[in-house]
Amino acid sequence: MLDFIKDNRKPVITLGLVTVIAYVFYFLDEIKTTSVLVFGWGYAVPLVLAAMVGIIGERTGVVNIGIEGQMLMSAFASFFGSVITGNIYLGMLIGIAAGLIMGGFLAVAAVKWEMDQIIAGVVINIVAAGLTSFFYAPGKTLPQLVPVVSIPILSDIPLIGPVFFRNGIFALATLFIVLAVNFAIFKTRWGLRSRSVGEYPSAADAAGINVTRVRMMNVTLAGALAGCAGAFLALEAAGTFARGLTAGRGFLALAIMIFGAWNPMGALAAALFFGLSTALASQLQADEVINIPQQFVNLLPFVMTLIVLSVAVGRVRPPAAAGQPYTKEG
Amino acid sequence: MKRMRTLAGISILALVLAACSSGTTDTAAEETAAALDDSNCAAAENFCVGLVTDIGKVDDKSFNQSAHEGAMAAAAEVGGFYKYIETTDTKDYAANMGQFTDKSYDVIVTVGFLMAEATVTAAKANPNTKFIGVDQFQAEEVANVTGLIFPEDQAGYGAGYLAGLMTKTNKIGSVLGLEIAPVQLFAKGFEAGAKAANANVAVTTVYHPPADNGFGDPVWGAAEAKKQLAQGADIIFGAGGGTGNGALIEIAKAEGAGTAIFCIGVDTDQWFTVPEAQPCLITSAVKGLTEGTTALVKKAFDGSIAGGNFVGSAGIADYHDFASVVPMDVQDKVAGVVAGLKDGSIKTGVTL
Amino acid sequence: MTLTETKTPNKIGFLVRNQSIVVPIVAIFVAFVLGGILIFLQGVNPLVAYRAIFSEAWFDSDGLLRTFQKTTPLVLAGLAVTVGLRVGLFNIGAQGQLISAALASALAGIYITNLPPILHVLVSLFCGVIVGALWAGIAGVLKAYRGVHEVISTIMLNSIAIGILDYLVSNPFQEPDQSLQRTKKIAETAVLPNIGVIPFGFILALIICLLVSWMLNKTTAGFRFNTVGKNKFAATYAGINMKLMVVTGMLLSGGLAGLGGAIETLGITYRFEPAFNAGLGFDGITIALLARANPLATIPAAILVGTLRAGGASLQFETGIEPEIVDVLLAITLLLVSAPILAKYLFRGKAQKSANVTSGWGN
């Protein structure tokens, strides 16, 4: 536990500060604070999951800017999958499968075919947008709702309980997914091999690791998380599908990934930070306290990421071999 | 090998989706026997009706769809031919209308007030074609353009009056699309009506921040509705296309939906267009889009259509399953208010 | 990082320009076939559908004008990405640069008064070009001096531009008396006219295209550009100032994109509306790749894309197929034209190297 805090100093401190401030507000106005936090976390969930997709990919050396398209396709698939099969759980699986398929496509295109990774991502985005618009059928209703589950004991903690532990399946799973991904990347053999592939592929190759296989597997599996994000949006958050449902969240997730220094805990902290600032701005506007134009609040993540990138050169850096196809020499 | 499998997979997926989707527009299915195509619209006995949507589709469960259904019904009734074009780019308004005028269509319905200017320009260039501009207020009268407008504030007022009487927490809210005139009229009418019914009520009004997806952001709508519910609102008005629909669906999921918590739809009777919302949908603030479009198209057919503005009807939809939940005296009061608005004895007092 | 650099130097010059012309043509053909299958699954004869698109776009005078109108910004967006690729930069930010320039030129068209028509148009265009260039320049400076990869910075800048412009156009610069999010109409003196069916902007785009081609192929500056694009190490060794090249490259690229946005505003929309032409940036990428980073080839590529987009409305009118099919067609084209596997498949035996346009985030 202490190790964990030591390794993730910045995110833990940020989260700690946020928690303290949140509780202060909680004493002032229980209901409002809770609802603002719920809004913020709801905003952050798909972003966190999408950021995980990016992190796993880039840590292994594959840049993925097609997360937006993956999420959109999964949202579409999970909604219509639920409608067609009449079962929302099957719909969730179909959504995750869609994410896996698109991840697989990126894997094949960028790793096997050695297509430029950026272009592969762009293609995924355009294809997803075009196909989901083209095949959209109106007037369909979800057969069931995603049940809201309360985790016993945990959900009784004042403030934090209802926000994080009383939610639909994907929202609940997100926190645990982040912890699991963090553990996997930094504490398992799989994580070590993946990271070596992402930092110094020729050395990894020399050590006997099949670079191509690791990259393809990771990118494809990460797609499942994109599937979760998409399924969350369509089934839990909106309860329906609309064209362009993802509305740029995939790109926002890239900013969060970078702002979080390619680190799952960092991404979590970043997503929460931006989610809360959005929620806060919205609440301040509703209360007519101060009117911060929503567009500026939406811009915050992008601007801050650019600043961080420009200022923290060397201290915040991506995996060294991210973006380059690996070709075996000799 | 992998390529083959991927291709096969995609083809199968495409087949499955094609089997149960509507990638084509349904013109073929909706035509009637009388006029089977638009090859000779210029002839007097052929009556061709065209429709151009605003950016968006005819399946948007909202005003594009209502106008489409109205025009289609009118064409069927008079034995005419009907076709529509969905606009994807604001620069294409003129071109899309041009598709119809090139074939000498008799009537063109243009939907949405963003198209107002383009409609007038096209009308002036094509004096023999009748144009019906849905939600397009005609400040100046042009002989062959009829603006189909609605007193949205009246519909909002009626819904708000109901909400003011029904609320137990004295807190109600609205989750809205972009801050444009029709939406503002709905929202301000809602607030005015609520306050008229119940002086103690607090109304929270939130518009979607300006963005391309202002009317198509159900995720935001749902989150906003959830927030307002958590802060004590027990009746929420969802007015803003897909955004509002998201709010309705979220409210329907809430604990107490239908007994202590209600939602109100907009534009058309959303009981039918958004069935997921039925658990909470006590009523909708409706504009008679479909009836108004049908009426005007038929007027164009029999030659009685005139330039200027045609005011359609606005009111509130049926209570459906909630007829037993809304007390009779409340129903009577609301009906009285709606009637008073219609005959002018009650004014909403809303100005923009 | 440096180890891999010497072994796989920046290949963009090699790939995109040495790729045989057969590849784009095959890519387009296959895309049309796959698109045709999708159309067929909807119950429509693909040949009828394609004929609808082309006859509307080329053989109808209004349609032809629209085709030219849509092609013009596409040529410039394609040029923007092309110029970037030549110097080894991948400018995904054409969208943000374009819309910033569009607002700037609209504002110049509205608020600068008392200028004769030609001068007003030139000044407004100039404003647009400058703003587009500067917006891209931010990414250029960040890359040259802080090592921030231009792909990520331009993606961020796209979103930032959209946000800022949305705000500007709903508050300070909103058309008064209108709750619509847009500016007033530009003054008559700032309008770019059409000559018959050909918009003046299209002629301008052609001229610029020739200029860019001349610059890249016949001038010393162009030679430096190409060298940097082919091999960074040879370029540095030859004494070329890399930082200057990067910044200049982005400025030029952004300026071209900006010109596209300015022409669109002054010649077609006559005001600034946020919702205009959201796919232009990505279409530019498709065009640049189809044109294999050859400026002159962006013209036919842009005409193809412009035709598809202009004909889409007629497609729906005549066959009921939804216009989004065009997006799918173009996406498949982009996929095929950028996957070296297609080249490998067509030219088995000829060595085709990897399509490495970018080389990671951190330079």
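This is a predicted model: local features need pLDDT of at least 70, side-chain atom pairs count only at pLDDT 80 or more; totals for chains, interfaces and linings use all residues.

User: What follows α13(A)?

Analyst: After α13(A) comes Glu288(A), a residue with a positive phi, near 55°.

User: Let's zoom out. How many helices and strands are there in chain A?

Analyst: Chain A has 14 helices and two strands. Of its 330 residues, 58% count as buried, and its C-alpha trace spans about 65 × 50 × 40 Å along the principal axes.

User: What radius of gyration would a compact globule of 330 residues have, and what does chain A have?

Analyst: A compact globule with 330 residues would have a radius of gyration near 20 Å, and because chain A has 20 Å, the two agree. As for how the chain is connected within itself, if you take the contacts in chain A with a separation of 6 or more, residues 24 or more positions apart account for 76% of them.

User: Now the partners. How many residues does the contact take from chain A and from chain C?

Analyst: That contact takes 43 residues from chain A and 43 residues from chain C. On the chain A side, the elements that give two or more residues are α6 (117-134), α12 (249-259) and α14 (294-311), and the largest share, eleven residues, comes from α6(A).

User: And by class, what does the side of chain A that touches chain C have?

Analyst: It has 29 nonpolar residues, along with ten polar and four charged ones.

User: What about chain B against chain A, how many residues are in that contact?

Analyst: There, 32 residues come from chain B and 31 residues from chain A. On the side of chain B that touches chain A, two or more residues are given by each of α1 (2-19), β7 (202-207), α8 (218-230) and α9 (241-253) of chain B, and α8(B) gives the most, with seven residues. By class, the residues on that side of chain B divide into twelve nonpolar, eleven polar and nine charged.

User: Switching topic, which domains does the assignment give for chain B?

Analyst: The domain assignment of chain B gives domain 1, made of 29-150 + 290-311, and domain 2, made of 152-287 + 319-343. The C-alpha centres of these two domains of chain B lie 30 Å apart, and the contact between them takes seven residues from domain 1 and ten residues from domain 2. On the domain 1 side of that contact there are two nonpolar, two polar and three charged residues.

User: Last thing, confidence. What does the predictor give the complex, and what pLDDT does chain C average?

Analyst: For the complex, the predictor gives an ipTM of 0.85 and a pTM of 0.85. Chain C averages a pLDDT of 81, with 85% of the residues scoring at least 70.

User: Where in chain C is the pLDDT under 50?

Analyst: One such stretch is residues 1-14 of chain C, for which the model has 28 contacts beyond four places in sequence. The pLDDT is also below 50 over residues 349-363 of chain C, a stretch that has 52 contacts in the model beyond near neighbours in sequence.

Technical notes: Residues are numbered from 1 along each chain as its sequence is written. Chains are lettered from A and ligands numbered from 1 in the order in which they are written. Two residues are in contact if their C-beta atoms, placed from the backbone, lie within 7 Å. Helices (H or I, at least four residues) and strands (E, at least two) are DSSP runs, numbered from the N terminus. Ala, Val, Leu, Ile, Met, Phe, Trp, Tyr, Cys and Pro count as nonpolar, Asp, Glu, Lys and Arg as charged, and the others, Gly among them, as polar. The radius of gyration is taken over C-alpha atoms; the globule rule is 2.2 Å times the number of residues to the power 0.38. A residue is buried if 20 or more other C-beta atoms lie within 10 Å of its own, exposed if 12 or fewer, and partly exposed in between; C-beta atoms are placed from the backbone. Domain bounds come from an automatic or database domain assignment. pLDDT is the predictor's confidence in each residue, from 0 to 100.
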